Amino acid sequence: MPPRNSPPGNAEVVNSSGVKYPKRSALVWLALFVVIIYFSWAVHYYQFDNMPAPLGADHAGKRGFSEVEAIRHVRALTQVGPHSIGSDALDDALQYVLAEAEKIKKMAHWEVDVQVDFFHAKSGANRMVSGLFAGKTLIYSDLYHIILRILPKYASEAEDNAILVSSHIDTVFSTEGAGDCSSCVAVMLELARGVSQWAHGFKNAVIFLFNTGEEEGLNGAHSFITQHPWSSTIRMAIDLEAMGIGGKSSIFQAGPHPLAIENFAKAAKYPNGQIVSQDIFSSGVIKSATDFQVYQEVAGLSGLDFAYTDNSAVYHTKNDKLELLKPGSLQHLGDNMLAFLLQTAPSNLPKGKAMEAEEKTGHETAIFFDILGTYMVVYRQRFANLLHNSVIMQSILIWVTSLLMGGYPAAVSLALSCLSVILMWIFSLSFSIPVGFLLPLISSSPVPFVANPWLVVGLFAAPAFLGALTGQHLGYLILHSYLSHASSKRMQNLSPVIQADVIKFEAERWLFKAGFVQWFVLLMVGNYYKIGSSYVALVWLVSPAFAYGFLEATLSPVRLPRPLKIVTLLMGISLPILLSAGMFIRMAGTLIGTAVRFDRNPGSTPEWLGNVIIAIYIAAVICLTLAYLLSYFHLSGAKKSIVLSTCMLFGLSLAVVLSGTVPSFTEDTARAVNVVHVVDTTEKYGEMQDPRSYISIFSTTPGNLIKEVEQINEGFVCGRDKVLDFVTFSVKYGCLTNDDIGGGWSKSDIPVLHVDSDTEGDGRTTQISIDTKVSTRWSLAINTQEIEDFLFKENSDELVPLGGKGSNNGWHIFQFSGGKNSPTRFDLTLFWRKNSTKSAHNADGQRAEQRPLLKLRTDVNRLTPKAARVLTKLPSWCSQFGKSTSPYNLAFLTSLPVLF
């Protein structure tokens with residue numbers, strides 16, 4: 001048996017000289033590797049999938065939250081079908097919520113006043129200065145909201161101080177919206193019922209805003225904030241959203257004032273939220289926006305933004321349905337929100353200027369993260385700065401002291417260990433990225449893993465891991481070679497066999513310490529830019545460094561290095577895995593889900609790009625988190641077994657993709673495919689010719705549409721020959737019918753752009769009248785290369801004044817959406833740039849090809865016979881995808897040339 005001082009997991013080996021040295025058991029290390037993976041997955045499960053038990057009305061009681069009751073609301077709202085702005089279904093959804101609000105009013109505690117307002121918002125314009133809608137003007141009209149204000153009858157100050165809880169009733173045209181956001185509305189209704197039994201002890205009112213128009217550009221929140229009298233009383237805003245269906249509703253935006261997140265951390269039963277999500281969302285990587293942006297940017301409020309993110313591939317598709325809503329999802333959010341309101345509403349909230357003064361310092365924003373969904377850590381940026389600076393300074397001091405003691409050989413060893421990190425990254429990326437390029441060539445879909453996300457483990461994680469191990473091993477060999485040369489004189493009194501072992505152990509230790517370096521660099525960068533997510537780098541640096549210093553380090557130059565202990569690794573990475581493994585896995589799942597809608601301008605993005613992004617993310621996570629573990633493998637008998645197992649996993653995953661055994665999409669995880677009947681008059685301004693009419697099919701999911709078109713069998717021709725300009729986006733690859741299609745529309749539906757006057761004075765000014773006919777949802781693009789400024793009016797009311805216009809790629813985009821009684825006639829005044837029309841002619845004075853002056857698309861929520869037939873033949877694993885820029889199933893295109 002091995003001696004007592006033999007390191008755990010090591011077997012004793014006797015070489016030919018009779019010298020004993022430990023060799024790590026392959027079986028032990030394979031088992032340890034499996035345990036680390038299982039522990040990481042368990043962290044993800046407890047943090048994101050471990051749901052509370054749903055409560056019925058009897059168990060929740062009069063003052064509690066019942067998921068069973070909330071599900072009843074979700075069922076009622078989804079049964080009306082997709083309820084987009086201006087639809088009859090939205091009227092039905094509004095009436096249901098209004099009726100439930102009146103019931104809450106009748107059943108409220110006798111000392112509680114419940115006020116219900118069925119609010120009609122007039123026309124308005126929303127111009128956000130940042131985020132997804134920057135450079136656009138969002139116009140709305142004829143919107144209806146349901147607003148509940150719950151406050152104590154005998155606390156007069158509550159009328160002037162309120163907490164807003166907000167979500168939206170409307171959906172996009174392509175889904176019944178069980179997740180986005182009928183689940184949020186249902187939680188708010190059940191929450192309002194509970195709050196109405198508690199509010200007699202509040203110092204602040206609670207306003208529940210059930211708005212419409214969010215899906216068309218945050219218009220519901222904007223109209224409430226700018227038009228409703230209660231909006232001036234709000235001190236804090238809470239927004240409920242969904243980017244998937246069910247699961248734990250997590251906080252992904254908080255602040256800028258930390259009061260809300262601090263109260264939530266104190267009160268929530270199952271806190272869930274990550275500052276990492278906030279940093280990613282605010283960076284613009286995720287192309288989305290929520291009402292919380294309006295509350296922050298327009299109203300200057302602080303608060304919290306929640307979102308459901310499970311199964312994000314179903315977002316805005318037909319599969320956002322009640323059947324996929326995970327039990328416990330609504331109970332989780334409802335219990336958390338009720339506890340938060342009971343903590344916050346009875347307290348004194350700082351008013352606007354007091355909050356703003358604290359926010360401006362930048363030191364009081366909150367860093368927050370949860371631990372297994374049971375406890376939330378919150379601290380302020382000021383403390384984070386002190387903590388990070390302290391760790392950075394101590395790290396520098398330790399490294400400098402160590403290098404001074406070790407001299408030149410230590411400095412070279414450090415440099416070579418850093419080289420091993422660089423090689424690890426290079427090889428990991430070099431092994432995983434080519435798979436991203438390969439998949440579109442061998443699979444029927446460039447993203448064959450969407451319906452089965454576990455495939456990315458074999459397709460991307462396996463080669464990334466193999467590359468990381470290969471790169472670090474190459475660095476190990478280089479470092480080992482240098483140490484052999486540098487140590488020949490220093491260890492000349494030792495036998496050659498012992499020298500060889502000592503060099504191996506010293507190289508292993510340098511590789512372990514190289515893991516500190518990459519996290520140290522990330523911590524410094526994050527600290528400099530005050531990135532909240534820097535806490536991740538902090539724990540991955542401090543915990544392994546502490547374990548190494550406690551169990552391995554020695555200040556004695558006489559003591560020879562020994563092999564690293566397994567307990568050092570376990571002690572060092574346990575806390576970092578506990579705090580970040582679930583988050584890393586969840587982010588991978590979100591990336592995979594977004595592949596369904598990755599190509600925002602269909603055909604404009606390379607098919608491999610989404611795969612490469614996922615490959616880079618997975619390789620980065622592996623290099624950052626497994627650097628410590630990999631350093632143990634080079635002296636392990638497990639190398640061959642692990643390499644072989646990894647290659648087998650990759651080969652099996654590739655075989656599954658090649659054979660088509662596992663489908664890329666299923667009925668519950670569908671590919672996004674839109675069908676639009678287009679009536680096109682863009683090239684016929686001033687002419688009496690008939691418009692072109694055809695069906696267009698396109699997809700925001702990467703890949704061709706050959707399989708879909710073959711199944712539909714309606715004479716579609718696919719390709720890139722014609723770019724179809726839908727004003728808000730372009731289709732560079734799609735499928736069209738060649739025949740002119742009548743039926744389902746008439747010429748009286750075609751919108752009109754008419755030039756009323758065109759005058760020259762101090763500058764050129766053009767008056768244009770716009771008639772959108774039957775459409776109350778349209779998009780207009782103004783050529784800002786020709787037009788310097790413009791006015792936009794509705795019935796002589798100025799909606800968009802002069803000044804403050806932005807543009808994207810030389811266009812300023814209008815997006816209009818409204819209810820059934822929205823206006824359809826508008827006046828536009830254009831102020832031209834000086835000498836703008838010179839670009840309209842070439843050197844011979846002839847008209848040159850150029851962009852139009854105006855582009856207009858009007859949408860009609862109507863199915864023509866041909867579009868309906870195509871939709872019925874669409875494969876079951878396809879779904880239409882809706883967003884604010886997507887056309888309905890019938891769209892009219894027209895334009896006004898510069899030389900009209």
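**Backbone exceptions, a buried aspartate and an open sheet**

Tutor: Asp180 is buried and has no salt bridge; Arg597, the nearest side chain of opposite charge, is 9.3 Å away. Please keep in mind that this is a predicted model.

Student: Which side chain does the side chain of Asp180 make a polar contact with?

Tutor: That of His168, at 3.0 Å.

Student: And in which helix does Asp180 lie?

Tutor: Asp180 belongs to helix α5, which covers residues 178-195 and also holds Cys181. The peptide bond from Asp180 to Cys181 is cis, with omega near 0°. Most peptide bonds are trans.

Student: Which residues does the cis peptide bond with omega of about 10° join?

Tutor: That bond joins Gly255 and Pro256. Pro256 sits in the loop between β10 (250-255) and α7 (259-267).

Student: Let us turn to phi. What is the phi of Val727?

Tutor: Val727 has a positive phi, near 75°, in a residue other than glycine. Most residues other than glycine have a negative phi. Val727 is located in the loop between β17 (724-725) and β18 (730-731).

Student: Is Val727 buried or exposed?

Tutor: Val727 is buried: its relative accessible area is 8%, and the cut-off for buried is under 20%.

Student: What about Ser796, buried or exposed?

Tutor: Ser796 counts as exposed, because its relative accessibility is 62% and the cut-off for exposed is over 50%. Ser796 also has a positive phi, about 70°, although it is not a glycine. Its place is the loop between β23 (787-794) and β24 (797-800).

Student: How many residues lie between the strands in that hairpin of β23 and β24?

Tutor: Two residues lie between the strands, and Asn795 in this hairpin takes a positive phi near 50°. The strands β23 and β24 run antiparallel and are joined by three bridges. Glu794 stands opposite Asp797 in β24.

Student: What is the strand order of the open sheet?

Tutor: The order is β20-β21-β26-β23-β24, five strands with antiparallel pairing. At the edges are β20 (752-760) and β24, each of which pairs on one side only. From one strand to the next, the twist averages 25°.

Student: How does β20 pair with β21?

Tutor: Strand β20 runs antiparallel to β21 (residues 764-771), and eight bridges join the two. Val752 stands opposite Asp771 in β21.

Student: And how many bridges are there between β23 and β26?

Tutor: Six bridges, with β23 and β26 (residues 825-832) paired in the antiparallel sense. The bridge partner of Asp789 is Phe831 in β26.

Student: Why is β23 described as largely enclosed?

Tutor: Six of the eight residues of β23 are buried, so the rest of the structure largely encloses this strand.

Student: A change of topic: what span should helix α15 have?

Tutor: Helix α15 (residues 534-551) has 18 residues, so at 1.5 Å a residue it should span 26 Å. The expected span takes one less than the number of residues. The end C-alpha atoms of α15 are 26 Å apart, which agrees.

Student: Which residues of α15 are buried?

Tutor: The buried residues of α15 include Ser534, Tyr535, Val536, Trp540, Pro544 and Tyr548. Also among them are Ala537, Leu538, Val539, Leu541, Ser543 and Ala547.

Notes: Residues numbered from 1 in each chain as written. Predicted model: local features only at pLDDT ≥ 70, side-chain atom pairs only at ≥ 80, totals over all residues. Heavy atoms only, no water. Helix = DSSP H or I, 4+ residues; strand = E, 2+ residues; numbered from the N terminus. Buried < 20%, exposed > 50% of the residue type's maximum accessible area, 1.4 Å probe, protein only. Pairing = 2+ DSSP bridges. Axes fitted to C-alpha atoms, helices over the stretch in contact; angles between N-to-C directions. Lys, Arg positive; Asp, Glu negative; His and termini not counted. Salt bridge = Lys/Arg side-chain N within 4 Å of Asp/Glu carboxyl O. Polar contact = N/O pair within 3.5 Å; in protein donor to acceptor, adjacent residues only side chain to side chain.
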